[in-house]
Amino acid sequence: VSHTRRNFLKGTLALSLGGIALGSGLLKPGRVEAAEWPKAGFESKSIDDALKSVFGASATTASGAIKVKAPEVAENGAQVNVSMQADMPNVEAMAILVEKNASPLAAFMSLSGADPFFATSIKMAQTSDVHFVVKAGGKLYSVKKTVKVTAGGCGG
Amino acid sequence: MQLRAQMKDGAADIKVRVSHPMETGQRTDPQTKQKVPAHFIQKMTFAINGKDVAVADMNQAVSSNPLVSVRVKNAKAGDKVKVTWTDNKGESGSAEEVIK
């Protein structure tokens, strides 16, 4: 896809989304951006910067209502299965971040009808805390779990 | 691309596996000694009966041939699930399944 076409598409998308948002009175910061791939968030080098970029804030409250599954030890950092479930109302989005990866943000899910559950397989360069962050009712909640990696999955 | 959708504990359990290299852009091809360009899925959209219920954005940190799953209470057997992905090279794919 050429730059021109991408910019054109971006413009068209922004215009049409803006139109819908204005028309329905739903124009809120961050909302219009949701349709685009959050490049800045995915390229952020720290958890705080990534959270600010995708959620607009980086302060999180630890919450036991987020149930996560991740291995204690991953023998292969190239394929680490993780999942998160948030037992709380009004969940809008969820994110999975690997603290010691060069770019921590690995996945970000926006919900518009699905349950607050997300499972995926990620790569981990080395032993690290994995942060599971939930946005619910406009606030951020998180839980983290350490995964020990015996063979990293990002090198080559 | 494999897609499975079945009712489980009162919710549609949707599991998808996409055959995709998810290249980080950091890897060197052992034959050519050249960096293999980044090639990864950026977006996966889950829709039930034509309405988006979840959108997952991701980068190179998601593993190759990623397995992704979501759950939807607000769905029933017979509903149609469609999962669509697009990557950083503009390639895309989709699969449809009826919830069992």
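**View 1. Strand β6 of chain A pairs with β4 of chain B.** Strand β6 (residues 105-111) of chain A runs antiparallel to β4(B), and five bridges join the two. Strands here are DSSP runs of E with at least two residues, numbered from the N terminus, and two strands pair if DSSP finds at least two bridges between them. Within this pairing, Met109(A) stands opposite Ala56(B). This is a predicted model, in which local features need pLDDT of at least 70 and side-chain atom pairs count only at pLDDT 80 or more, while totals for chains, interfaces and linings use all residues. Residues are numbered from 1 along each chain as its sequence is written, chains are lettered from A and ligands numbered from 1 in the order in which they are written, and side-chain values use heavy atoms, with hydrogens and water left out.

**View 2. The contact between chain B and chain A.** Chain B contributes 35 residues and chain A 34 residues (contact: heavy atoms within 4.5 Å). About 2500 Å² is buried between the chains, 45% of it from carbon and sulfur atoms; this is the accessible area (1.4 Å probe) that the two parts lose on being put together, summed over both. On the chain B side, Asp57(B), Ala61(B) and Arg71(B) lose the most area to chain A, together 24% of what that side buries.

View 3. One salt bridge is found across the interface, formed by the side chains of Asp115(A) and Lys73(B) at 3.9 Å, N to O. The salt-bridge rule asks for a side-chain nitrogen of Lys or Arg within 4 Å of a carboxyl oxygen of Asp or Glu.

**View 4. His20(B) in the loop between β2 and β3 of chain B.** His20(B) counts as buried because its relative accessibility is 3% (buried: under 20% relative accessible area, 1.4 Å probe, protein chains only). A polar atom of the His20(B) side chain lies 3.1 Å from the backbone nitrogen of Met22(B). Leaving aside residues up to four places away in sequence, His20(B) touches several residues, including His39(B), Phe40(B), Trp85(B) and Asp87(B).

Notes
Helices (H or I, at least four residues) and strands (E, at least two) are DSSP runs, numbered from the N terminus. Buried means under 20% relative accessible area, exposed over 50%, partly exposed in between (1.4 Å probe, protein chains only). A polar contact is a pair of N or O atoms within 3.5 Å; within protein, one must be able to donate a hydrogen and the other to accept it, and residues adjacent in sequence count only if both atoms are side-chain atoms.
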